Amino acid sequence: MRVFVPGDSAAVSIGANDVAAAITRIDPSLTIVRNGSRGALWLEVLVEVETANGRIAYGPVMPADVQSLFDADFLNGGAHPLARGKTDEIPWLASQERITFARVGIIDPLSLEEYGQHGGLVGLRNALKSTSEIIINEVTESGLRGRGGAGFPAGIKWKTVAQTTSDQKYICCNADEGDSGTFADRMLIEGDPFTLIEGMTIAGIAVGATEGIVYLRSEYPYAISILQKAIELARVFGWLGTSVLGSTQAFDIQIRIGAGSYVCGEETAMLESIEGKRGVVRAKPPLPAIEGLFGQPTVINNVLTLSTVPMVLAQGADAYKARGVGRSLGTQVFQLGGNIARGGIVEKAFGITLNELLETYGGGTLSGNPFRAVQIGGPLGAYFSTEQLETSMDYESLIAAGGMLGHGGLVVFDDTVDLAVQAKFAMEFCAIESCGKCTPCRIGSTRGAETIDLIIQGVKVEENKKLLLDLCEVMTDGSLCAMGGLTPMPVKSAMVNFPSDFLGAAR
Amino acid sequence: MKYSPWSQDAARVLLATLRDEKGPVLMALQLMQKEFGYVNPECVPLIANYFNKSRADVHGVLTFYHDLRTTPPGEHQISLCVAEACQAVGARDLEKKVKAKFPDETADSYCFGNCALGPAVMVDGKLIGRATLAKIEEARR
């Protein structure tokens with residue numbers, strides 16, 4: 001009999017390993033599957049039992065609850081205060097539109113058999129029967145845009161690389177998910193690593209690249225070990241290697257581990273880091289698609305972008321673009337974090353409102369205090385206030401509202417937050433993580449933090465606010481990459497949307 | 001965590017495993033730290049010579065990345081996430097308490113991808129969600 005206890009790092013961080021051990025101690029005959037997380041992190045540790053009626057969920061289970069689960073006959077779906085009914089019918093999960101995350105939490109992450117049973121490898125087999133042009137057309141037609149934050153159409157990037165001639169091209173997967181409030185890349189890799197491998201293989205076939213590299217951050221040790229094992233299994237299976245699934249195509253993947261630098265999530269700094277150098281941003285042009293890793297044409301895509309490709313190739317562009325609004329097609333994997341009652345992964349079509357995400361899914365703040373601010377899109381994203389809750393969550397609407405979607409993370413703050421302190425932190429973070437190549441970012445961030453400090457202390461508040469806005473303009477217009485260029489976004493949005501926090505001593 | 005005592009001979013054996021890698025300098029430094037717990041300053045000329053780089057190249061990489069350290073670590077390592085999502089659930093208060101109690105073991109970190117279950121702290125490589133001082137003390141044992 002199979003019992004599912006997630007091996008996902010978030011679940012483990014609150015005791016999943018101890019829960020699994022406690023279950024085994026009481027009944028060693030049970031098979032414990034360490035699946036990924038279903039994404040309802042507020043229900044972790046979510047224990048599921050496989051019954052004739054489908055999977056029954058119990059959560060959040062702590063190690064001390066395990067004996068009472070056995071007493072309640074949970075193996076047969078018995079009643080218990082933590083019982084959640086059938087997992088597939090939990091409204092928080094059932095109302096989502098899982099495409100990229102379709103298998104995460106459901107399958108054993110390292111079972112190729114289950115991967116195949118749940119639709120895995122269909123996209124790759126279609127790609128192998130197809131031509132480069134058809135694959136790229138399909139991806140372009142789907143409207144799939146880069147999920148790392150920039151939102152550049154994936155198909156167009158691929159086409160640029162495909163059109164170059166070179167002995168060696170590369171597929172680089174950016175898994176340097178450094179934005180606070182984002183964890184979808186980690187959860188996807190830990191819960192369904194073969195999807196990423198499949199997406200990268202398809203990209204390789206499409207553009208004529210035989211080498212893939214995943215740049216994965218050191219802060220994600222479990223994701224590193226799961227992906228390494230998945231790569232090895234795919235090699236043994238005859239998927240990765242000199243002949244992809246018996247075809248004449250070759251493709252293999254290597255992991256490169258980051259070393260704790262945020263700016264290495266910027267694509268050109270990432271290339272420098274993979275080359276073993278300081279993670280200093282490169283000037284563009286040349287585009288990485290023309291001259292990327294080791295000077296060769298390189299596709300750089302985020303984990304979620306590549307992991308969505310297999311679905312597009314399996315079900316077709318039309319199935320994907322049937323969802324979404326305007327030029328934001330398909331689904332977005334939103335991540336609810338910070339001071340929120342029901343945090344986790346919410347995959348929905350673009351166009352859901354901010355309020356639906358925070359209230360219907362998020363269930364308000366964790367502390368129970370009134371909600372005051374939400375930062376959307378990571379440390380470089382804007383702080384939104386309660387007056388902006390009807391904003392549609394898509395690329396264009398968020399830009400129009402003075403923000404950005406970024407990698408889709410939402411960090412919620414209750415009414416104890418001081419937005420002047422948050423603005424100062426944005427500048428301090430930039431000062432710590434700046435690669436140092438361009439002056440607006442390297443020097444501006446330190447001057448920005450100092451100026452906000454003066455405002456907080458009430459020193460020449462109006463003059464310093466003007467100075468700060470001027471500095472923000474210089475950083476926005478004069479920085480080489482998004483690090484310095486977008487740090488003003490949280491700062492300015494805090495000033496505009498929360499002016500009462502910038503009154504200095506008068507607060 | 002257990003590390004091998006620093007030895008140039010052992011380091012050379014490890015570097016040989018990276019001989020065929022493209023762009024090996026960062027990997028070499030990471031490998032040194034994984035084996036010996038830190039990057040001994042003698043690694044700089046060693047890696048430079050081995051991969052035909054200048055010492056400045058290697059020094060530059062060594063000093064760029066937050067993960068790399070040049071002195072042996074203490075018995076315990078506590079990495080506190082002090083980024084926004086954890087700030088929203090009390091990371092700043094936790095930071096004060098943990099740094100007061102374990103000043104030599106504690107370092108700032110930015111995001112372990114556990115943003116819905118913060119504050120997040122890594123103690124000796126083990127991730128702790130909804131962290132408290134008591135949970136950190138427990139994990140240190």
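How many helices and strands does chain B have? Chain B has seven helices and four strands, where helices (H or I, at least four residues) and strands (E, at least two) are DSSP runs numbered from the N terminus. Their order along the sequence is α-α-α-α-β-α-α-β-β-β-α.

This is a predicted model, in which local features need pLDDT of at least 70, side-chain atom pairs count only at pLDDT 80 or more, and totals for chains, interfaces and linings use all residues. Residues are numbered from 1 along each chain as its sequence is written, and chains are lettered from A and ligands numbered from 1 in the order in which they are written.

The C-alpha trace of chain B spans about 50 × 30 × 20 Å along its principal axes. Of its 141 residues, 40% count as buried (20 or more other C-beta atoms within 10 Å of the residue's own; exposed means 12 or fewer, partly exposed in between; C-beta atoms are placed from the backbone).

B:Met27 lies in helix H2 (residues 25–36) of chain B. B:Met27 counts as partly exposed because it has 19 C-beta neighbours inside 10 Å. Beyond its neighbours within four places in sequence, B:Met27 is in contact with A:Gly276, B:Leu18 and B:Glu21 (contact: C-beta atoms, placed from the backbone, within 7 Å).

| Domain of chain A | Residues |
|---|---|
| domain 1 | 2–94 |
| domain 2 | 112–321 |
| domain 3 | 324–414 |
| domain 4 | 419–506 |

How values were computed. Two residues are in contact if their C-beta atoms, placed from the backbone, lie within 7 Å. Domain bounds come from an automatic or database domain assignment.
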